[in-house]
Amino acid sequence: MTVMQFEELLHLVAPAITKQTAIREPLPPAERLSITLRYLATGDSMHSMSYHFLAGVSTISHVIGETCDAIWNCIRQKVIPPSKTTEEWLHLAKEFEEKWDFNHCVGAIDGKHVIIECPPKAGSSYYNYKKTHSIVLLGICDAQYMFTFVDIGAYGRRSDGGIFRDSTMGLKFASKEMNVPAPEPLSPGGPPLPYVLVGDEAFQLSDYLLRPYPGKGGLNDERNIYNYRLSRARRTIENTFGILVSQWRILKRPINCSIEKTISIVKAIICLHNWIRQMDIEENQYVTSTLIDRESDDGFIPGSWRNCTDNSALENITQCGSNNSSRQAMQIREEFCKYFNSEGAIPSQFYHC
């Protein structure tokens, strides 16, 4: 984070973290923000932070929790607003089409386990199938690696698809309350097709969410091409999570905090990620070209973030969602498949499939 970015962020959150006391002089807002950013960016323990800033461990803990809440409350509306207009969805779809060659895509969705210490008296609620304790971070991102919607704090034992289905954003997508544009043909004379999210096998196929065709090794050429095109668009959310782990080192290990503070930390990181990304989208200092996945004439080149995810606090959720999809949803996927294999074809798909 640059000095200019720090000063602008301080201006936004200072009113919320300024303290008044008659007992002793409180830590100034700039120092409180510095403590929190250092903790999130380096992953230092609170004891190490205590020595560095010459403050008690309990003081450091309170400062970090309060400042994370302030970051979420003060800049959330600027960087991750709770709703979008139809025009904003169309802009997102245009970016996915131009950058990732997937038409009518308005976002990529995925979830991660945020590994935590076992909470007291939690029973099996946070105990996941990987035999760790976690909460779930479910996110939708755009083509520029920024989060558009998130759901944070669901029990680790639940699947991505179930969390999305029961979340506020999932319910609104299902009830058509998200202002998503009406279906339009992809080509002249073609059937109207909806604007969709793209996800992996953990999510159920629906009229607003596309997933790959199942069956490794048993797919025909057309379906392999569809899966390739979908995977290119879906990699945006994989890379977005990868950027979080590589740039916010608190996520490189299990988070040893209460559930409430862990949620506050994750919320703050999401806001800071979007905020810095918005300011840096042209210069690409925060998200460098080598950090993220890319393609060349020689094929797929993995981003450097893929070397930073071992033993991190974010783990994949590999449980598969239900295959009980409606006939309408399966027909929509078939129409996208036909389009990608006809007038919507791109040269690279014939080399990588």
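This note comments on the overall build of a predicted model and on one pair of its helices.

1. Basis of the values. In this predicted model, local features need pLDDT of at least 70 and side-chain atom pairs count only at pLDDT 80 or more, whereas totals for chains, interfaces and linings use all residues. Residues are numbered from 1 along each chain as its sequence is written, and side-chain values use heavy atoms, with hydrogens and water left out.

2. Overall build. The protein has 11 helices and 10 strands; helices (H or I, at least four residues) and strands (E, at least two) are DSSP runs, numbered from the N terminus. Its radius of gyration, taken over C-alpha atoms, is 21 Å, close to the 20 Å that the globule rule gives for 353 residues, so the protein is as compact as a globular protein of that length. That rule is 2.2 Å times the number of residues to the power 0.38.

3. Burial. Of the 353 residues, 52% are buried, that is, under 20% relative accessible area (1.4 Å probe, protein chains only).

4. The helix pair. The axes of H5 (residues 86–100) and H8 (residues 221–247) come within 10 Å and cross at roughly 115 degrees. Axes are lines fitted to C-alpha atoms, for helices over the stretch in contact, and angles run from 0 to 180 degrees between N-to-C directions. H5 and H8 are therefore roughly perpendicular to each other (65 to 115 degrees).

5. Residues at the crossing. Which residues of H5 meet H8? They are Phe-96, Lys-99 and Trp-100, which meet Arg-232, Ala-233 and Thr-236 in H8; contact means heavy atoms within 4.5 Å.

Methods
Parallel < 35°, antiparallel > 145°, perpendicular 65-115°, else oblique. Buried < 20%, exposed > 50% of the residue type's maximum accessible area, 1.4 Å probe, protein only.
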